[in-house]
Amino acid sequence: MNLLDQLDWSYWKRLNPREKRTLLSQLLLHFVNPLMKISDIELKDFHLYGIKCQTFQLMIDDEEFIFIPGNKDAILGWNLGTKGLSLLETAPNAQEITIPQELRGQYNFFDVESLGEMINDQTTSLRKVQIPPMFVQRHALPAGTNYLGVYNAVTGSFSGEADQFSTYEEEIKAVLSPNLTPEESMTWSFPKNILKEDRWYIEMAPHSDNYYVFSHEKHTYSSLRKKIRKKNFDLLTEDQWEYVNGAGSRRLFRWGNDLNITDPYRGKNVKKLIEQANMFGLFFDTSMERFEITEDPGVLKLTNQKYTVGIPIVDFLPLSSYYSNNITMQHETVLAPSEFLYRKAILIKI
């Protein structure tokens, strides 16, 4: 049996930990640049909504990556309309709904069959593809950035790459702790994110006083992809992105089809499922405020336009593993970190 066959998920899941470690050693030796620093290798069990994967989490040049086994017969895309969705997802959850201008006149939002047509139109076509094994970055990064660490805006403490942070520390502190008059302090609030072009970028961590801190270089799509490839990484194709997001499951959403985050009993748990790591241990942006770029500049995943129609399936559809938006990007588009994310990968090609 050749190496690729052993790295197919159907075979990988039957291997014991010792056999998996032997295969990982071969991959690191032959497919990862020897100049890269490899550390903190851990065999972990990830699971989400009944799908489990035991695989490796590791640091490559101090960034978190996950090894994801390949799949020679992955089924991706969607053509089943509202199948698997209940009335809780397809019916209005408010007395009035607000239909976006671009969707008016196209669908009847009170008819389940018409909603099914909308779902099919806004998801990728059903297809069978071959997915290679790969190391995939656990968190997508804001475009043009490298992660440095976490800064607490209240205490002024920082954890992470302290030497690099010290270069920007005074500038960041000045922005987050400005000298305000009593009147100004009444209306001032911590900014959601701030970019100091070609120096640093910070963005607020949800539900906390912390900011994620990044170094920043201004990039177009072309220049960022060139830099990524120069370091022996790749961006994911649309097929690869959909697979690592939802594992090719026959559901619209990786966490199942429960979208009712306003439910007083189950809402908190649903929100937790949406935001937690998936069955491969990867995290995906759920803000619906920015795109994740792919190997093809004409294909963007996720969305930067959050709907508040009042029908859960319409509002949450951009978080589907198979969502397909109709926005394309030019090669020379400058990528603002508040608008675009990127995720690096090392593809195992033989």
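**View 1. Residue classes in the lining of the second largest pocket.** This lining has eight nonpolar, 10 polar and 10 charged residues. Ala, Val, Leu, Ile, Met, Phe, Trp, Tyr, Cys and Pro count as nonpolar, Asp, Glu, Lys and Arg as charged, and the others, Gly among them, as polar. The model is predicted: local features need pLDDT of at least 70, side-chain atom pairs need 80 or more, and totals for chains, interfaces and linings use all residues. Residues are numbered from 1 along each chain, and side-chain values use heavy atoms, without hydrogens or water.

**View 2. Inside the second largest pocket.** Its volume is about 550 Å³. Lining it are 28 residues, with Asp61, Glu63, Asn146, Tyr147 and Lys344 closest to the centre. Strand β8 gives the largest share, six residues. (A pocket is an open set of points on a 1 Å grid over the protein atoms alone, where a 1.4 Å probe fits, with protein on both sides within 12 Å along at least five of seven lines; lining residues have an atom within 4 Å of a point. Points join across faces, edges and corners, and a volume is the space filled by probe spheres set on them. Strands are DSSP runs of E, at least two residues, and helices runs of H or I, at least four, numbered from the N terminus.)

**View 3. The largest pocket.** About 1,500 Å³ of space lies here. The lining holds 48 residues; Pro206, Asp285, Thr286, Ser287 and Arg290 lie nearest the centre. It divides into 22 nonpolar, 12 polar and 14 charged residues. Elements that each supply at least two residues include β3 (63–68) and α10 (267–275).

**View 4. Around Ile313.** Leaving aside neighbours within four places in sequence, Ile313 is in contact (heavy atoms within 4.5 Å) with residues including Leu85, Leu115 and Phe253.
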